[in-house]
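Hi everyone, thanks for coming.

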Amino acid sequence: MKPHALKFTRDEDDAKDLIQDTLIKAIINWDKFRDDTNIKGWLFIIMRNLFVNQYRKKKYITCPIEHEEGVELRVNNTAESNMNVQYINSLLGKLPFQYKQPLQMFINGYKYNEINDILKGPIGTTKNRIHKARKILIKALLSEEN
């Protein structure tokens with residue numbers, strides 16, 4: 001299992017954590033394992049799914065706004081970091097509600113279809129509003145730099 005975990009994580013400690021999480025999930029779900037199933041394949045699928053889910057969570061938590069050309073987010077100290085977060089939160093607060101609500105849900109880790117189920121509209125509209133909200137924030141951040 002370790003070689004597969006290392007291929008996913010590219011880090012020794014993270015690979016060990018992934019293996020441990022995989023085994024815990026396999027033990028918890030042992031009643032779902034069928035005797036005619038390849039146990040290595042079953043464990044590998046659990047590992048892959050755990051890695052993908054963890055990656056998605058980290059991506060949404062650490063990078064809610066996609067990197068755009070000319071936008072650099074450098075943080076030199078805690079005070080500056082707090083000011084940046086406060087400023088971004090103030091920009092979020094100024095967004096029109098139709099853009100703010102889906103973007104905040106997206107930042108909090110909801111997937112497009114989950115947001116769409118809550119907001120009850122076409123999936124394309126949900127994706128478009130999140131995209132427009134990001135563009136508005138990026139434009140505001142870029143104009144603040146200049």
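Predicted model: local features only at pLDDT ≥ 70, side-chain atom pairs only at ≥ 80, totals over all residues.

Let's start with Asp 36, which counts as exposed because its relative accessibility is 65%. The terms work like this: buried is under 20% relative accessible area, exposed is over 50%, and partly exposed is in between, with a 1.4 Å probe and protein chains only.

Residues are numbered from 1 along each chain as its sequence is written, and side-chain values use heavy atoms, with hydrogens and water left out.

Back to Asp 36: which residue forms a salt bridge with Asp 36? The partner is Arg 34, and the closest N and O atoms are 3.4 Å apart. A salt bridge here is a side-chain nitrogen of Lys or Arg within 4 Å of a carboxyl oxygen of Asp or Glu. Arg 34 is exposed, with 56% relative accessibility.

By that rule the count is two salt bridges. One of them joins Lys 2 to Glu 12, with 2.5 Å between the closest N and O atoms. This pair links distant parts of the chain, ten residues apart, with Lys 2 in helix 1 and Glu 12 in helix 2. Lys 2 is partly exposed at 37% relative accessible area, and Glu 12 is partly exposed too, at 34%.

Now the overall fold. The protein has seven helices and zero strands; helices (H or I, at least four residues) and strands (E, at least two) are DSSP runs, numbered from the N terminus. Of its 146 residues, 23% count as buried.

Next, the aromatic rings. How many aromatic pairs does a search of the whole structure find? The search finds six. Rings of Phe, Tyr and Trp (its six-membered ring) pair if their centres lie within 6.5 Å; planes under 30 degrees apart are stacked, over 60 edge-to-face, and the rest tilted. Phe 8 and Phe 44 have ring centres 5.9 Å apart and planes at 25°, so they are stacked. That pair also links distant parts of the chain: Phe 8 is in helix 1 (residues 2-9) and Phe 44 in helix 3 (residues 39-62), 36 residues apart. Phe 8 is partly exposed at 22%, and Phe 44 is partly exposed at 31%. Phe 33 and Trp 42 make a tilted pair, 5.0 Å centre to centre with 55° between the planes, and both residues are buried. Ring pairs also link Phe 8, Phe 44 and Phe 51 into a cluster.

Finally, two backbone spots for you to click on. Most residues other than glycine have a negative phi. Arg 10, though, has a positive phi near 60°; Arg 10 sits in the loop between helix 1 and helix 2 and is exposed at 74% relative accessibility. Lys 120 has a positive phi of about 55° although it is not a glycine. Lys 120 lies in the loop between helix 6 (112-119) and helix 7 (123-145), and is exposed at 71%.

That's my tour, and I'm happy to go back to any of it.
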